[in-house]
Every structure is written in structure tokens, then in C-alpha cells.
Amino acid sequence: KFQQLFDNAPLGILMLDPQGQPQAANAAFLHLFGLKAAEVAGAFAVLVDEANQAQHAALVQRALAGANVHVETSRRHRMGHSIDVAILGYPYLVAGRVAGAFFLYQDISQRKRYEEELAYQALHDQLTGLPNRTLFLDRLSQALARRQRRFAAMMLDLDDFKRVNDTMGHAAGDTLLEHIA
């Protein structure tokens, strides 16, 4: 039953030996990162780019020291593109001693894209794509706090803009705003 759990789990599972080297991986792990079973031993050379080396080493060390670890980060697919993943690592014991660790990988790329889109929508005007008042005030307060460089802020007002909407319609007003933006 436990072998079936490992083999058929929808999350990618990687089992590490006591030195932190990959020992075995399930089909979901191989599929997620585009690896073949014969490539499991060298999986970290493919998955972990230079920017994530220190984080990866710390995660493995903490799990092998007996701690559960959880992080959202990115790993590299065999074809070179980045995949956002949630990683859960935890040690496994044999005769009461840590004998290795399991690392579970879940692809969270779609959720991250949604979060980025929501953040963009919250801080930008839907029509023009320009930063909205919330983002402007945030950047203005940052500039004021730094005061290391000079900066300027400009307000642009369209006289009688309401007349454009009233006489030519909102579509014309939107077009005018898009062109001015």
C-alpha cells in the first residue's frame, strides 16, 4: 500500500539518502520536471539553478537534521524553463535515526500567475494600463522617504472631459484617455 502511495501520488515525490542525494522518484516527479528514471541521481543538477543553490542546500540540511521544511520557490524543468513549486520536505527514520528525507513537489505555476495578475489589476488602471492612485501614492511615499534624488510629480487634468462622454459617448471618452495615456 505504501509503495502504491509513493508510485501513484499526484504530487512529485523525491526520496533522498542520508547524504541528501536523490535515491528514488515517483512518476509525478519525473513528469513535472521532464526527467527519465535513469536521471534521478543527478536530478538536483537539473532542478536547482545557481540562484537557488543556497536555499536548496539549507532545505536539505534542515530536513536531514530532523525538521519539516516548507517553501514556495522555483525549480528548473529539464528543458530549461522555470516552474513555480511548493516544496514540503521531511525526514524519514530507520531504527529511530534520520535515514534520509522525502521531498514533495507541487506545481503552483498557475496560482502564481493568478496572483501576479490580481496584483497587477489592483495597482493599474484597467483601461490605460497605467499605475493607479494606490500605486502612485506608494511610489511617491517611497520617493519622499528616500529623498536621495530629485523627482517631480505632474498632474494632468482634461478640461470638460465630461462633455466628451456626454456628447460622443463613453467609448469615445475611453479612446481619448487611451491616446492621452
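The exercises below, each with a worked solution, concern a predicted model.

**Exercise 1. Determine how Glu72, Arg111, Lys112 and Glu115 are linked.**

Step 1. Take Glu72 and Arg111: their side chains meet in a salt bridge, with an N to O distance of 2.6 Å. This pair links distant parts of the chain, since Glu72 is in strand S3 (residues 69–76) and Arg111 is in helix H5 (residues 109–123), 39 residues apart.

Step 2. Take Glu72 and Lys112: a salt bridge joins their side chains at 3.2 Å, N to O. Lys112 belongs to helix H5 and Glu72 to strand S3, so the pair ties together parts that are 40 residues apart in sequence.

Step 3. Take Glu115 and Lys112: their side chains also meet in a salt bridge, at 3.8 Å, N to O. Both residues lie in helix H5, three residues apart, about one turn of the helix. An α-helix has 3.6 residues a turn, so residues three or four places apart point the same way.

**Exercise 2. Classify the accessibility of Glu72, Arg111, Lys112 and Glu115.**

Step 1. The class "partly exposed" lies between the limits of under 20% for buried and over 50% for exposed.

Step 2. Glu72 has a relative accessible area of 36% and is therefore partly exposed. Arg111, at 34%, is partly exposed.

Step 3. Lys112, at 23%, is partly exposed. Glu115, with 37%, is partly exposed.

**Exercise 3. Check the span of helix H6 and describe what lies at its start and after it.**

Step 1. Helix H6 (residues 133–146) has 14 residues, which at 1.5 Å a residue should span 20 Å. The end C-alpha atoms of H6 are 20 Å apart, in agreement with that value.

Step 2. At the start of H6, a side-chain oxygen of Asn132 comes to within 3.1 Å of the backbone nitrogen of Thr134.

Step 3. Arg147 follows H6, and its phi is positive, near 45 degrees.

Note on methods: Residues are numbered from 1 along each chain as its sequence is written. This is a predicted model: local features need pLDDT of at least 70, side-chain atom pairs count only at pLDDT 80 or more; totals for chains, interfaces and linings use all residues. Side-chain values use heavy atoms; hydrogens and water are left out. Helices (H or I, at least four residues) and strands (E, at least two) are DSSP runs, numbered from the N terminus. The expected span of a helix is 1.5 Å times one less than its number of residues. A polar contact is a pair of N or O atoms within 3.5 Å; within protein, one must be able to donate a hydrogen and the other to accept it, and residues adjacent in sequence count only if both atoms are side-chain atoms. A salt bridge is a side-chain nitrogen of Lys or Arg within 4 Å of a carboxyl oxygen of Asp or Glu. Buried means under 20% relative accessible area, exposed over 50%, partly exposed in between (1.4 Å probe, protein chains only).
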